[in-house]
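I am opening my notebook on this structure, and I mean to write down what I looked up in the order I looked it up.

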Amino acid sequence: MGPLSDLFPARLTLSAPTGAGKTLAAFRFALTLRERVWQRWGFRPKVVYALPYIAIADQVEEVAREVLREAGLDPEAHLLVHHHQALARLQEDRAVEEALLLQETWDRDVVVTTFHQVFAALTGPGSNLRPLHALAGGAILILDEVQTLRAELWPLLRALLEALPGRVTVVSMTATQPGLVKGKELAPPLPGYPRRVRLVWGEERTLEALAERFLQEGPRSRLVVLNTVREAVALYRLLQGRLEGLFLLTSHLIPLHRKARLRQIQKALADGRPITLVATQVVEAGVDLDFPEGYRALAPIESLLQTAGRVNRNAQQEEGKLWVLDLEGDSGKWVYGTILLDRTRRILAPLLDQGVWDRDAYPLLQEYYRLVEEGISQEEGRTLLKRLEVLDYDRFGLDLLDEAPSLPIFVEWDEEATRLLGALEEALALRDPQERRKSLRLLFPRLQAYTVSPLLRRALKNLPPPLLGREEWRHVPREALGDFYDEEVGFKWEMEQFL
């Protein structure tokens, strides 16, 4: 591991290809470092593992539990999961206030949380500052999938991470390392790491041509990742009923259905059944899938490599192939903007003519991120940093992941959803504010399993009625399911697509 003075406090990176076991390695490193700090200075720093999306928190929690058990520590006594859906697991008879206090103070040795919780604490006020005090007492902060943080905010985020109070080690971890954190690289050189996937241009320029190719090839296992829900649904409709083993996975499915479908897909792959998965970026971060071949609409290099990490993931074949599709319509610009795609074309496009191995593409990221930082406007990050320096909180707002405005829609899919809706109505009617808060904090995570949040501009095209009179949260009643929601494709925003 190297001298302790180089590791704590410190700014470190952990860069390795997808599927290399970074999560497991990071937890083991952190627990080992804790013990070295204890032997040297007599205290054990808190381990805080932060990730961008709640959807991957369950997998990270499983790894954390495994590592704690290996270390002879009881996960129930040493691990805390802090995000709003974690409360859904509480037993009905457990004191909600006790659980809330535990979350707000991060009173455990190992905490799994989100970027939102970490950076909200660092920027305060109006946020819970107790986690900041927990970090100040000495911590190892692991930031997973840091490439999802917007480059426009790097000046602000760099300053926040550099100015962390107390003794803190920050570990920036991803397969596609941006230049957000500068420091020692923890991962050893991997000269013998297998070349798993070759990225090469695909010939198809339209979804119709792509569908025709799949139909001619027949059933086989392949992953297709497109830039927009519209494109994914369109391709799915072209193949529906004509190709065996077809699945669709997008953010327009309620989490209940998305998780169930992911389990179906993983089981089919494990059983060796041929399946075609049409998906959006929901499969790019933390989703453990392994396809023999894949197709990816042109996207920034980091997204292409994230998708490549779901192809030949376990190196079971000599060569997996990821076909990069330069589709008509420029949908990528709507999602990623022009700078990221322009820099990707400049660096990667010439290599795709002959094909480039994933292992050989990773070293291109340093130049790619340099060009991105040169070309992208970071004025937003600089402006926010100035406002923070003068405590101008009235004009300070942090949009970490560049998420467009969306509208939560509760889909009353089954009897459990109906029961939860009744419980929500009862909770809102409670006169005691404290009791109402307890009930709502326990209910909201369970409601999330039935909640989809499409883009606001799409939701407005087929707007469900308000949820219990609340305009900011909409409700699809059971008797109107067919008008707003489809179990296969999710929320319906343009009716003609579903006729």
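I began with Tyr295, which counts as buried because its relative accessibility is 0%, where under 20% is the limit for that word. I kept in mind that this is a predicted model.

I next looked up the aromatic pairs, and the count came to 10. In one of them the ring centres of Phe214 and Tyr295 lie 5.0 Å apart with their planes at 70°, so I noted the pair as edge-to-face, a term for planes over 60 degrees apart. Since Phe214 belongs to helix H8 (residues 207-217) and Tyr295 to strand S12 (residues 293-297), the pair ties together parts that are 81 residues apart in sequence. I checked Phe214 as well, and this residue is buried with a relative accessible area of 0%. I also found a cluster in which ring pairs link Phe8, Trp41 and Phe43.

At its N-terminal end I found Asp432 as a cap, with a side-chain oxygen 2.9 Å from the backbone nitrogen of Gln434. Among the residues of H17 that are buried I wrote down Leu440, Leu442, Leu443 and Arg446.

Last, I looked at the surface, where Leu456, Leu460 and Leu463 form a nonpolar patch with about 240 Å² of accessible area together. Leu460 sits in the loop between helix H18 (456-459) and strand S17 (466-467), and I recorded Leu460 as exposed because its relative accessibility is 53%, with over 50% as the cut-off.

Technical notes: Residues are numbered from 1 along each chain as its sequence is written. This is a predicted model: local features need pLDDT of at least 70, side-chain atom pairs count only at pLDDT 80 or more; totals for chains, interfaces and linings use all residues. Side-chain values use heavy atoms; hydrogens and water are left out. Patches are made of residues with over 30% relative accessible area and no salt bridge: like charges are joined within 9 Å, nonpolar side chains (Val, Leu, Ile, Met, Phe, Trp, Tyr) within 5 Å. Accessible areas come from the Shrake-Rupley method with a 1.4 Å probe; for residues, only the protein chains shown count as cover. A salt bridge is a side-chain nitrogen of Lys or Arg within 4 Å of a carboxyl oxygen of Asp or Glu. Helices (H or I, at least four residues) and strands (E, at least two) are DSSP runs, numbered from the N terminus. Buried means under 20% relative accessible area, exposed over 50%, partly exposed in between (1.4 Å probe, protein chains only). A polar contact is a pair of N or O atoms within 3.5 Å; within protein, one must be able to donate a hydrogen and the other to accept it, and residues adjacent in sequence count only if both atoms are side-chain atoms. Rings of Phe, Tyr and Trp (its six-membered ring) pair if their centres lie within 6.5 Å; planes under 30 degrees apart count as stacked, over 60 as edge-to-face and the rest as tilted.
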